[in-house]
Protein chains: 2
Amino acid sequence: MISGNCIIAQSGGPTTAINSSACGAIFEALNQKPIEKVFGARNGIEGILNEELFDFDEEDVEELKLLKTTPSSALGSCRYRLKQDDSSDYERIFEVFNKYNIRYFFYIGGNDSMDTVKKIHEYAQKINYDIRVIGVPKTIDNDLVGTDHCPGFGSAAKYIATSILEMSHDADVYKSNIITIVEVMGRNAGWLAAASALTKATDLIYLPEAAFDFERFEQDVRKVYEEKGKVMIVVSEGIKDKDGRYISTLESVGGHDNFGHAQLGGVGSVLERYVKENIEKRVKKIELNILQRCAMHYGSKTDIDEAYMVGQQAVLYGMQGKSGYMVGLKRVSNTPYVCETELVDINQVANFEKKIPSHWINKEGNYVTKECIEYLSPLILGEVLIPTENGLPRYAKLKKKIVAKPDSMA
Amino acid sequence: MISGNCIIAQSGGPTTAINSSACGAIFEALNQKPIEKVFGARNGIEGILNEELFDFDEEDVEELKLLKTTPSSALGSCRYRLKQDDSSDYERIFEVFNKYNIRYFFYIGGNDSMDTVKKIHEYAQKINYDIRVIGVPKTIDNDLVGTDHCPGFGSAAKYIATSILEMSHDADVYKSNIITIVEVMGRNAGWLAAASALTKATDLIYLPEAAFDFERFEQDVRKVYEEKGKVMIVVSEGIKDKDGRYISTLESVGGHDNFGHAQLGGVGSVLERYVKENIEKRVKKIELNILQRCAMHYGSKTDIDEAYMVGQQAVLYGMQGKSGYMVGLKRVSNTPYVCETELVDINQVANFEKKIPSHWINKEGNYVTKECIEYLSPLILGEVLIPTENGLPRYAKLKKKIVAKPDSMA
């Protein structure tokens, strides 16, 4: 077991659960004798390139514990992609690794971050630098391959389904008819929209995986509308037509704008205009904005606990000498729900994308199947108990004081 | 103590807490010997005009208990205003009251509903019909006079402050600067926007009570932006300029549209365009949509308990023979927070509107004072424990089976 220091960092879009993974990794790393110092990198790989590291020993333990139930990326994130043309980024990273005697690197993130894990692992092998590099998955999009599902997704799914359930109660209040369109995140994969099937309040779901057609859409909506007088429609931001064009970028849908101006708003606005023009004037468009990725106040306990577990397991796998892997979640059983971790070769993960399989979408292309719902159901179970202060969630506050550079200490 | 039957009904926009008040009133009424039957009216006063009553004895007690933690208006709501030109609506109402021997009428609602309470009480006196008519306040807008605050407001306030806190964590993730504009409800009174001051994450607040000026707004935003690089702006949908024009209806702000087209979206979109054009391109506009009035999943325990209390007290006041009143909340002490109910003459309530007093707004017109925050603070305390089913809130399901009309039973 190699002795030395460790870096834990976060990358990509924030989620409700990414700090839970950091929390699991930090406490396990602090606990491991072979690991001397546990550093955080400020803003992911950028913090390594810029030599902006902070020491978790300097943080208040109580604040670190709060990380488990703190949304967003407390260590700071980035969207930086390592330079591919020359090796200068890699040289710099390993210069810093060497300077701080970094022997363990745990990177929590999505697709791009797993690519970074792969590249750093490969470069270490190339230059014979002894280090364990392990990826920890997170993404609300649930689109990473090699893992049954992604930490962060379950909480987003729970928030979306709960919000839709509540909005349907709101829509039921008056006698008058109403059509509600809820736009959720998901550029290429429709998992978040699919999660709305967890509440019966959702009538129709449109996914990027199924080509969108306005005529069929109109038929679908009219059918529910005539039956119930209320329609709850959920749509992924990334739905496309049969030619692969994003619906959100289509102009003049509904025939409103005769001057050829681009219409404002995303796909929800496009569908809202279409419904208003062709079906019913009383239509409400709701954008479930960034709250869907940071609403810890109604996070899924299953998700948050699993996120903690993958973070912790990453360190334990590192201690076993593993490198070049992502920690995957493996569903052992669905009823009762049992899930454990396993190692996944990073080459099987980086740069791939997991979409909803076509047999999990109904033949009308406007809902998901029972099988899909069974897959989703356990991921939202349980509520997270968040410490509060004055009636609001009390989230972790880290100092993140950058440590003095070793050469300046010399 | 007069014996007879009772009607409980809901009106106006739904809130998180209006069913809690119904719950309190229903159980207290079911408990009272002089009350024989406890009816609900479907969709408020419309249900009385249409003779659509349902019997709470026919409902499952467990479902009725769930009403306490169920958002929106389970009995159904309406926005109907009683006809003022002739007395036909009143004649019809008292025809139904008489037919069903209604001697107690509890109406849960906002401003307009309190006007209905007043009118029905006056008409009963005029025709010498023996009935107790009592209003139960609710509105997320917190704009009813005669009560320290309104049931429904505290939960909306908690949801808004929590969401802003969480979104500020999200905005802090990257190094890049960002300006966030959050639009909240509040057409004439800014209480909901003011509630965002409950989290330190909020930098600037614009209220309908303070005339909005674009130049000052730009100065305010620039100042925070230069200091912090991130700005969290909260704005009431109903802010107006010094001439009383709604900012949301101003066209061509930001100089975008040279063809004189009305721009889409509300005030958040107008400010977003202005910021993008004049201050910073990275600006995000969030509309805290209808969830702010129905997000029971993070409701305020204080609010929900008080809502239950005012519903229950309405019945108890009715049993004391009171009529023509609204149940008000009276703050006995702030630290510790103690609140009780009192009767408020309905004439002091109906058709008035309580705005934020000007001395609770700072002199720059871009935040509220410490006094205002002290007033708001206790209203969001405590979390509501919601029963769940499969990871989602389990909300009440009522049958609302319309009872057979007495004359058809004869």
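1. With ring centres within 6.5 Å as the rule for a pair, the count comes to 38 aromatic pairs over all chains. Bear in mind that this is a predicted model.

2. Take B:Phe94 and B:Tyr123: their rings make a tilted pair, 5.4 Å centre to centre with 35 degrees between the planes. B:Phe94 belongs to helix H4 and B:Tyr123 to helix H5 of chain B, so the pair links distant parts of the chain, 29 residues apart. Both B:Phe94 and B:Tyr123 are buried.

3. B:Phe97 and B:Tyr129 are also tilted, at 6.4 Å centre to centre and 35 degrees between the planes. B:Phe97 sits in H4 of chain B and B:Tyr129 in the loop between H5 and strand S5, so this pair ties together parts 32 residues apart in sequence. Again, B:Phe97 and B:Tyr129 are buried.

4. Over in chain A, ring pairs join A:Tyr90, A:Phe94, A:Phe97, A:Phe105, A:Tyr107, A:Tyr123 and A:Tyr129 into a cluster.

5. Which residues of H4(A) are buried? They are A:Asp89, A:Tyr90, A:Ile93, A:Phe94, A:Val96 and A:Phe97. Just after H4(A), A:Asn101 has a positive phi of about 50 degrees.

6. Two charges sit over rings in chain B: B:Lys158 over the face of B:Tyr298, 5.0 Å from the ring centre, and the charged end of B:Arg187 over B:Tyr246, 4.2 Å from its centre.

7. Chain A superposes on chain B by a rotation of 180 degrees with 0.0 Å of shift along the axis (RMSD 0.0 Å). That is a two-fold relation.

Definitions and conventions
Residues numbered from 1 in each chain as written. Chains lettered and ligands numbered in written order. Predicted model: local features only at pLDDT ≥ 70, side-chain atom pairs only at ≥ 80, totals over all residues. Heavy atoms only, no water. Buried < 20%, exposed > 50% of the residue type's maximum accessible area, 1.4 Å probe, protein only. Helix = DSSP H or I, 4+ residues; strand = E, 2+ residues; numbered from the N terminus. Least-squares fit on C-alpha atoms with pLDDT ≥ 70 in both. Phe/Tyr/Trp six-rings, centres within 6.5 Å; stacked < 30°, edge-to-face > 60°. Lys NZ or Arg CZ within 6 Å of the ring centre and 35° of its normal.
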